[in-house]
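The following briefing concerns a single protein chain and is intended for reading alongside its sequence and coordinates.

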Amino acid sequence: MGTKKKKKKSWFKNQVVKVQILPWYWKLVATLLIFFLGGTFGTQLFTSSDDLLMVCGFAVLVVVLWFLIQMWMPAAEEDYK
């Protein structure tokens with residue numbers, strides 16, 4: 001009579017899974033858009049004269065790169081059921 005508690009997934013994890021199951025041509029469009037917009041914004045912050053903005057720019061670049069890698073990783077079957 002043990003009931004399994006169902007773990008609630010985070011909103012962000014659900015969004016990543018939705019992007020992972022897109023067809024390759026939409027992933028390509030999203031990759032180009034995210035790469036140029038995120039890269040431009042992150043590089044602009046990274047090359048600023050303020051130290052705090054440089055750290056924020058580096059963080060933006062890391063998050064954009066991480067998301068692009070996650071986007072092209074295959075989704076596990078239990079994620080999108």
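Gln20 has its place in helix H1, where helices (H or I, at least four residues) and strands (E, at least two) are DSSP runs numbered from the N terminus. This is a predicted model, in which local features need pLDDT of at least 70 and side-chain atom pairs count only at pLDDT 80 or more, whereas totals for chains, interfaces and linings use all residues. Residues are numbered from 1 along each chain as its sequence is written, and side-chain values use heavy atoms, with hydrogens and water left out.

**Overall architecture**

- The protein has three helices and zero strands, and its elements run α-α-α from the N terminus on.
- Of the 81 residues in the protein, 22% are buried; buried means under 20% relative accessible area, exposed means over 50%, and partly exposed lies in between (1.4 Å probe, protein chains only).
- Among contacts between residues at least 6 apart in sequence, 61% join residues at least 24 apart, a contact being heavy atoms within 4.5 Å.
- The protein exposes about 6,900 Å², of which carbon and sulfur atoms supply 72%; accessible areas come from the Shrake-Rupley method with a 1.4 Å probe, and for residues only the protein chains shown count as cover.

**Gln20 and Gln70**

- Gln20 counts as buried because its relative accessibility is 9%.
- Not counting residues up to four places away in sequence, Gln20 touches Lys27, Gln70, Met71, Met73, Pro74 and Ala75.
- Gln70 lies in helix H3 and, at 24% relative accessibility, counts as partly exposed.
- With residues up to four places away in sequence set aside, Gln70 touches Val16 and Gln20.
- Although Gln70 and Gln20 are 50 residues apart along the chain, their C-alpha atoms are separated by 7.5 Å.

**Helix H2 and Lys27**

- The 23 residues of H2 should span 33 Å at 1.5 Å a residue, and the end C-alpha atoms are 31 Å apart, which agrees; the expected span of a helix is 1.5 Å times one less than its number of residues.
- The buried residues of H2 are Lys27, Thr31, Gly38, Gly39, Gly42 and Leu45.
- Helix H1 (11-20) and helix H3 (51-72) are included in what covers these buried residues of H2.
- Lys27 lies in helix H2 (residues 24-46) and counts as buried because its relative accessibility is 8%.
- The side chain of Lys27 reaches the backbone oxygen of Met71 at 3.4 Å. A polar contact is a pair of N or O atoms within 3.5 Å; within protein, one must be able to donate a hydrogen and the other to accept it, and residues adjacent in sequence count only if both atoms are side-chain atoms.
- Residues up to four places away in sequence not being counted, Lys27 touches Val19, Gln20, Leu22, Met71 and Trp72.

**Nonpolar surface patch**

- A nonpolar patch on the surface is formed by Leu22, Trp24, Tyr25, Trp26, Leu28, Val29, Leu32, Phe35, Phe36 and Trp72, with about 1,100 Å² of accessible area together.
- Patches are made of residues with over 30% relative accessible area and no salt bridge, like charges being joined within 9 Å and nonpolar side chains (Val, Leu, Ile, Met, Phe, Trp, Tyr) within 5 Å; a salt bridge is a side-chain nitrogen of Lys or Arg within 4 Å of a carboxyl oxygen of Asp or Glu.
- H2 supplies the largest share of the nonpolar patch, eight residues.
- Leu28, one of the patch residues, lies in helix H2 and counts as partly exposed at 40% relative accessibility.

**Leu65 and Phe35**

- Leu65 lies in helix H3 and, at 51% relative accessibility, counts as exposed.
- Leu65 and Phe35 are 30 residues apart in sequence and 8.0 Å apart in space, C-alpha to C-alpha.

**Loop between H2 and H3**

- Ser48 has its place in the loop between H2 and H3.
- The side chain of Ser48 reaches the backbone oxygen of Leu45 at 2.9 Å.
- Apart from its neighbours within four places in sequence, Ser48 is in contact with Leu53 and Met54.
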